[in-house]
Amino acid sequence: MRALRIHGYGGPEAMRLDDVPLPAPAAEQVLVQVRAASINPIDWKMRRGMLASIFPLSFPRTLGRDCAGEVVAGVADPRTDGTHAEYAVLPEAATAPVPAGLDPLAAASLCVAGLSAWIALVEVAQVRRGMRVLIHGGAGGVGSLAIQIARELGATVFTSSTQGEYCRQLGADRVIDYRIENFADAGPYDMVLDTLGGEAHVRSLEALERGGLLVALSATPVPPHASRSEVRMEKPQIQATRQRLEKIFDWAVRGKLRPQVTQTFSLDDAPKAYAASEAGHGRGKIVLRIQGGDPWR
């Protein structure tokens, strides 16, 4: 089978399509014939070595964190080979059946990104009607789903983005163009979903209402700053479970959450897909179409 692998940390030149043996699932694992796998920022950050202190890699390593086959979709263990291959091994507990009405491309797009938005908004922040919620990067993979989830939960949704029309179509009440506006001026907020890190993290804390909550998903370093004792900051672990994935897929099938697959690439064109993700300022999710081949090739 073919797999997108790296043999050391580096840029796009480090990626190679290799012919490798079919992986063998161990106990409590499943072998998935991959039909689609999404590109997530964690993929190229791991390739670059930006997360080596958290997820040190042994080489060669297959890239990719989530995927969908015809039957199941789910998330790979970041400590093992990933999903940008014709076949992948996933922890059984981190998979869920792909329901009728949801194709593999859509299912793959909802795994890591959907879990990130779901855990932050539904579980950690417990967003509810009447809350003022700011979502950074509303046009991105996580943001485009987070806007929809927050809106469905009854919040007034603000987002920082340069793609106003797209974010409004997703359900944002107010789009703040960060090039010409200060998102703090539209505050204060009851909750901020921080997908940016850095200086935006500090300013987001300052923009919170007393008793407000910032949920941070970004690994970008945050500069030193004064703390606010009257607000909270949480950085949740994004862990795939069958129950979580089933809820996300159910929302998608029922039309409460629209998958945002905006670009697709073949496995052969995976370097172009990574380049598009690394360039930033895109819309929705980038997904690899992987039709599967001869497992013994």
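Phe-158 touches Arg-132, Val-133, Leu-134, Ile-135, Arg-174, Ala-186 and Tyr-189, leaving aside residues up to four places away in sequence. The model is predicted. Phe-158 belongs to strand 11, which spans residues 156–160. Its relative accessibility is 7%, so Phe-158 counts as buried. Arg-244 stands 86 residues from Phe-158 in sequence. In space, the C-alpha atoms of Phe-158 and Arg-244 are 25 Å apart.

Helix packing was examined next. Two packed helices are described by the angle between their axes and the distance between the axes. Helix 1 (residues 41–48) packs with helix 8 (residues 270–279) at an angle of about 100°. The axes of helix 1 and helix 8 are 9 Å apart. Helix 1 is therefore roughly perpendicular to helix 8. On the helix 1 side, the contact involves Asp-43, Trp-44, Arg-47 and Arg-48. These residues meet Tyr-274, Ser-277 and Glu-278 of helix 8. By class, the contact of helix 1 with helix 8 comprises 4 charged, 2 nonpolar and 1 polar residues.

A search of the whole structure gives 0 disulfides. Cys-67 is in no disulfide, and its nearest cysteine sulfur, that of Cys-111, is 7.4 Å away. A disulfide requires sulfur atoms within 2.5 Å. The sulfur of Cys-111 is therefore too far from that of Cys-67, the closest cysteine sulfur, for a bond. Cys-67 is buried, with a relative accessible area of 0%. Cys-111 also counts as buried, at 0% relative accessibility.

Terms used
Residues numbered from 1 in each chain as written. Predicted model: local features only at pLDDT ≥ 70, side-chain atom pairs only at ≥ 80, totals over all residues. Heavy atoms only, no water. Buried < 20%, exposed > 50% of the residue type's maximum accessible area, 1.4 Å probe, protein only. Helix = DSSP H or I, 4+ residues; strand = E, 2+ residues; numbered from the N terminus. Contact = heavy atoms within 4.5 Å. Axes fitted to C-alpha atoms, helices over the stretch in contact; angles between N-to-C directions. Parallel < 35°, antiparallel > 145°, perpendicular 65-115°, else oblique. Nonpolar A, V, L, I, M, F, W, Y, C, P; charged D, E, K, R; others polar.
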